[in-house]
Amino acid sequence: MAHVDQTPLVRAPTAAAAAVSSSPRQWWAGSEQGLPAGLDWISTRELARLEGVRFTKRRTEYLLRRWVGKRAVAARLGLPTDDTSLAGIEVLNRMSGAPYVVIEGVEAPCEVSLSDRAGTAVAVVGGTQRALGALGIDLEIVEPRSAGFVTDFLTPAEQAWVTGPAAEQGALGRDAAANLVWSAKESALKVLRLGLRADTRWVEIAVAEHRRGDGWAPFTATWRDGRVLPGWWRREGVYLLTVATEQHVDPPEALAGAADLAAATPVHSWVDRPLVTPRE
Ligand SMILES: CC(C)(COP(=O)(O)OP(=O)(O)OC[C@H]1O[C@@H](n2cnc3c(N)ncnc32)[C@H](O)[C@@H]1OP(=O)(O)O)[C@@H](O)C(=O)NCCC(=O)NCCS
């Protein structure tokens, strides 16, 4: 049964959370295997959206993004992670589709962005510094991308980079480069609250391949009016992770307890059972 608790309550962060919350951005990752059994950890409002989802793939993705978003917020704020406490951390959606956080019935002033790919999801959470602006995160796996994909969705400059010597013969390789540009676009389009309503060629990605000691490397996303969104990317095993922001800030730090993306194996658990059975 889903939990309903309308009591306004903002729990005090623990000392451990206070110690980590000075970082402007943090991220958390989780895989399908970690999803709690049952649905006691989601709220009535979240359950209402789930009930409209017939396809197992979409249902699992929705649940995984909810769980990872809640765990990221809980880790960021030092909140407990038992089912009842997680149900009190809601990750809801604006009309645009962009997520926002409600804690025990009160909208929390922390930015959040979610993404999932092949059985693993990631969330990036900002603190209470709304002045730092919106966030966008995206997770992709390195997979083959056709020539048509590159020419249809990437700008000429991006195509030149993906098919040129820097990507083809560099450490990345063509497929990783194409997936990276795609992921960076999705992150940027989440910052802009547009998603794929926008033409992906309206935002142009420029990637720096030189990675910092902590694995992050910068990219920029230039919107068609000239506005530049800064971002960070990293490679973790078969996964590529990108985070775009409105203003330049240091890369997000990993929150405690996150899954090891580098060791995560992409799964497609829905393939054998594509439709949700009634009353599931
Ligand atoms: C944003 C978008 C490109 C992401 O698609 P995707 O790569 O398949 O999925 P990801 O796992 O990376 O991201 C999904 C998350 O993006 C977020 N998102 C969706 N639309 C968003 C928007 N306009 N701005 C910012 N974030 C958005 C949501 O948190 C979503 O997860 P949730 O629905 O469980 O909360 C895609 O959802 C999109 O284009 N959405 C806009 C158009 C649309 O159909 N909106 C539906 C309105 S409810």
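Mentor: In α6, E158, W161, V162 and T163 meet R174, A177, A178 and V181 of α8. Contact here is C-beta atoms, placed from the backbone, within 7 Å, and helices are DSSP runs (H or I, at least four residues), numbered from the N terminus. By the way, this is a predicted model: local features need pLDDT of at least 70, side-chain atom pairs count only at pLDDT 80 or more, and totals for chains, interfaces and linings use all residues. Residues are numbered from 1 along each chain as its sequence is written.

Trainee: Are α6 and α8 roughly parallel or roughly antiparallel?

Mentor: Their axes (lines fitted to C-alpha atoms over the stretch in contact) use angles from 0 to 180 degrees between N-to-C directions. Helix α6, residues 156–163, packs on α8 at about 150 degrees, with the axes 8 Å apart. Angles over 145 count as roughly antiparallel, so α6 against α8 is roughly antiparallel.

Trainee: Where does the ligand lie relative to domain 1 and domain 2?

Mentor: The ligand has 18 residues around it, with G97, A98, S115, G195 and L196 the closest; near means a C-beta atom, placed from the backbone, within 6 Å. Domain bounds come from an automatic or database assignment. Both domain 1 (17–132) and domain 2 (141–235) give residues to this shell, so the ligand lies between them.

Trainee: How confident is the predictor, by average pLDDT?

Mentor: pLDDT is the predictor's confidence in each residue, from 0 to 100. Residues 1–21 fall below 50, and where pLDDT is low, the predicted coordinates should not be read in detail. Still, 85% of the residues score at least 70, and the protein chain averages 87.

Conventions
Helices (H or I, at least four residues) and strands (E, at least two) are DSSP runs, numbered from the N terminus. Angles under 35 degrees count as roughly parallel, over 145 as roughly antiparallel, 65 to 115 as roughly perpendicular and the rest as oblique. Two residues are in contact if their C-beta atoms, placed from the backbone, lie within 7 Å.
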